[in-house]
Amino acid sequence: MYSKHTKKRQADFQVIARWVGEGERVLDLGCGRGILLEYLKQTKGVYGVGVDIDFDKILSCVKRGVPVYQGDVHEVLGSFQDNAFDRVIISRTVDQFEDPDATLHEGLRVGKRVTVGFVNHAYWKNRINAAFLGRRILNEVYPDPWYASLPANPFSVVEFEDYCKVKNISIGNKVYLAGDWRSERALLPNLLAGYAIYDLSKAG
Amino acid sequence: MVESQDFVSLERFQFESGGSIPELRLRYETYGHLNAAKDNAILICHALTGDHHCAGVYSMDERKQGWWNFMVGPGKPINSSEYFVICTNALGGCQGSSGPGSINPETGKPYNLDFPKLTVRDMVRAQTLLLDSLGIDRLHAVVGGSMGGMQTLQWAIDYPERVGRYIALACGARHTAQAIAFNDTGRQAIITDPGWQQGHYTADAGPGQGMAVARMMAHITYLSDVGMQSKFGRRRRSSAKEHFDVEFEVESYLRYQGQRFVTRFDANSYLYLTKALDRFDLHGPESLDATLSAVTAPGLVVGFTSDWLYPPQGNRELVEALLRIGKDASYAELAMDYGHDSFLVRAPKLYKLIRNFLQR
């Protein structure tokens, strides 16, 4: 039923679902077709709201019965009061934010926690692509060549952790997934993790 | 083929303003069949100068179909094979429902300006009486655009137990200063027309010029700059002789719209309805969040990028407030060039959205 591609797309779902508490209020920034929110609604009974810029994604969310807001991720955060949500989820979208620092900061204001999942661009295979082949990644997750892709801002596990330290954001849970984006591993994450998921909160 | 019906309530109808009329009449049309459980009804609320005739034709040789014929009918997004669709002429209107032009049974003369001050809430309450008479406790959905969107929101706020879901298109929580300004300019064109006679005009001599100008101006606000440019551009007509004859196609179009409006709409109704819209304000009496807290049904609000009368921001604001207070609400935005009228034109994306929401 699920293709390998689908599995990869949903790589962080299991981890995020583990962290989400029963009945939480969840805001998913860049929610796509609303699959994660539908899953969290079914398994955790969350009140979940998605945000996406693309009308076709909105259509799918509406069909799934997932409340969704079509608009700019950063702009919509401004309409919510402090701690309006228990959790703001940013799954595989942070590298496309125009101003990642400002949006993460807003996310931490609106959400008690922010869950961020991203591709580690320092993963060894990605390094080989860049260093030896001189090419950007082209695989089932990034199927489009550069000229057909959204502008992205790739970064690595250590760069993200540096950022959190500098901005005084506390990292609660974290999980590194191996290159298959399935098995969890802790060793040399910046080199060996293909994907990383963090649970962040305001340092307090 | 369809035909309209009249609902008449002989009980005195009280308006929010305190006024009342001795009997209430609502003209309406239905499409499809009410099921045995009476839970498949969808109410459609029309825009300012719309009417109860939203789908089909009255006779086989009639070319003009109902105003939302793309949207409503067998197999259409609001599928009358599945749902029992009801559309009423709004209270205060002039196509068969009680309004300023109706005869007051107590005097035998038209109400004219004796018709009580009207609100969107009054329009909605009148519709509940029709539903009572049809034995419908709860609607599967309420759907409307523009003034119809405001009624839809009012439904969700005032009668949460009777609304299964709602779809409000091209609307907002209240008029902007600009929207009020346009409405009042239209009203002034009518009121200052000598034919208006303090509202006591007769059918064959009314404020025709004022109505036509009001309509021409309002019509501009329903379109968009880009839409008008692509529809008319600077195209000219060859027939212009005198200096101020119709010269450009856009002039011809607007004058035609203005003239047609004089014959199909009542001036006092226009004054009453536009006032009701200007006064509509979900931010009051306390705040938008407080007003919307009564809503229980899931909602869908749709904005249109080129709508400068009820711009996307006003539509977004509704959903932002609903989400802030933990309601099930969605906002979608369609990039279309038809301005405020976008919700009335052929738009497959909108059809899909509405279909998805009604079936979820």
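B:Ala170 is buried, with 30 other C-beta atoms within 10 Å; a residue is called buried if 20 or more other C-beta atoms lie within 10 Å of its own, exposed if 12 or fewer, and partly exposed in between, with C-beta atoms placed from the backbone. The model is predicted: local features need pLDDT of at least 70, side-chain atom pairs count only at pLDDT 80 or more, and totals for chains, interfaces and linings use all residues. Residues are numbered from 1 along each chain as its sequence is written, while chains are lettered from A and ligands numbered from 1 in the order in which they are written.

B:Ala170 sits in the loop between β12 and α3 (177-191) of chain B. Helices (H or I, at least four residues) and strands (E, at least two) are DSSP runs, numbered from the N terminus. Although B:Ala170 is not a glycine, its phi is positive, at about 45 degrees. B:Ser146 is another residue other than glycine with a positive phi, here near 60 degrees. The loop that holds B:Ser146 runs between β11 (141-145) and α2 (147-158) of chain B. B:Ser146 counts as buried because it has 27 C-beta neighbours inside 10 Å. A further backbone feature of chain B is the cis peptide bond joining B:Gly284 and B:Pro285, with omega about -5 degrees. B:Pro285 belongs to the loop between α7 (267-279) and α8 (288-292) of chain B.

Two strands pair if DSSP finds at least two bridges between them. Within this pairing, B:Tyr166 has B:Gly299 of β13(B) as its bridge partner. Strand β13(B) also runs parallel to strand β14 (residues 329-334) of chain B, and six bridges join the two. There B:Gly299 stands opposite B:Ala329 of β14(B). Between β13(B) and β14(B) the chain passes through helix α9 (residues 312-324) of chain B, in a β-α-β crossover that is right-handed. Right-handed is used if, with the strands pointing away from the viewer, the path from the first strand over the helix to the second runs clockwise.

How many of the six residues of β13(B) are buried? Six of the six residues in β13(B) (residues 299-304) are buried, so the strand is largely enclosed by the rest of the structure. In a regular strand the side chains alternate between the two faces of the sheet. In β13(B), B:Gly299, B:Val301 and B:Gly303 point one way, B:Leu300, B:Val302 and B:Phe304 point the other way, and all are buried.

The domain assignment of chain B gives domain 1 (5-174 + 281-359) and domain 2 (179-275); such bounds come from an automatic or database domain assignment. Taken over C-alpha atoms, the centres of domain 1 and domain 2 of chain B are separated by 25 Å. In all, 20 residues of domain 1 of chain B are in contact with 18 residues of domain 2 of chain B, where contact requires C-beta atoms, placed from the backbone, to lie within 7 Å. The side of domain 1 of chain B that touches domain 2 of chain B has nine nonpolar, nine polar and two charged residues. In these classes Ala, Val, Leu, Ile, Met, Phe, Trp, Tyr, Cys and Pro count as nonpolar, Asp, Glu, Lys and Arg as charged, and the others, Gly among them, as polar.

The largest nonpolar core has 157 residues, and B:Ile42, B:Ile44 and B:Val85 have the most contacts inside it. Both domain 1 and domain 2 of chain B give residues to this core, so it lies between them. A nonpolar core is a set of buried Ala, Val, Leu, Ile, Met, Phe, Trp, Tyr and Cys residues joined through C-beta atoms within 7 Å. Neighbours within four places in sequence left aside, the contacts of B:Val85 include B:Ile42, B:Ile44, B:Val72 and B:Ile78.

Chain A has a mostly covered strand too: in β4(A), residues 85-91, six of its seven residues are buried. Strand β1 (residues 25-29) of chain A pairs with β4(A) in the parallel sense over three bridges, and A:Leu27 stands opposite A:Val88.

Where the chains meet, 18 residues of chain A are in contact with 20 residues of chain B. The largest share of the chain A side, five residues, comes from α4(A).

Key: Two residues are in contact if their C-beta atoms, placed from the backbone, lie within 7 Å.
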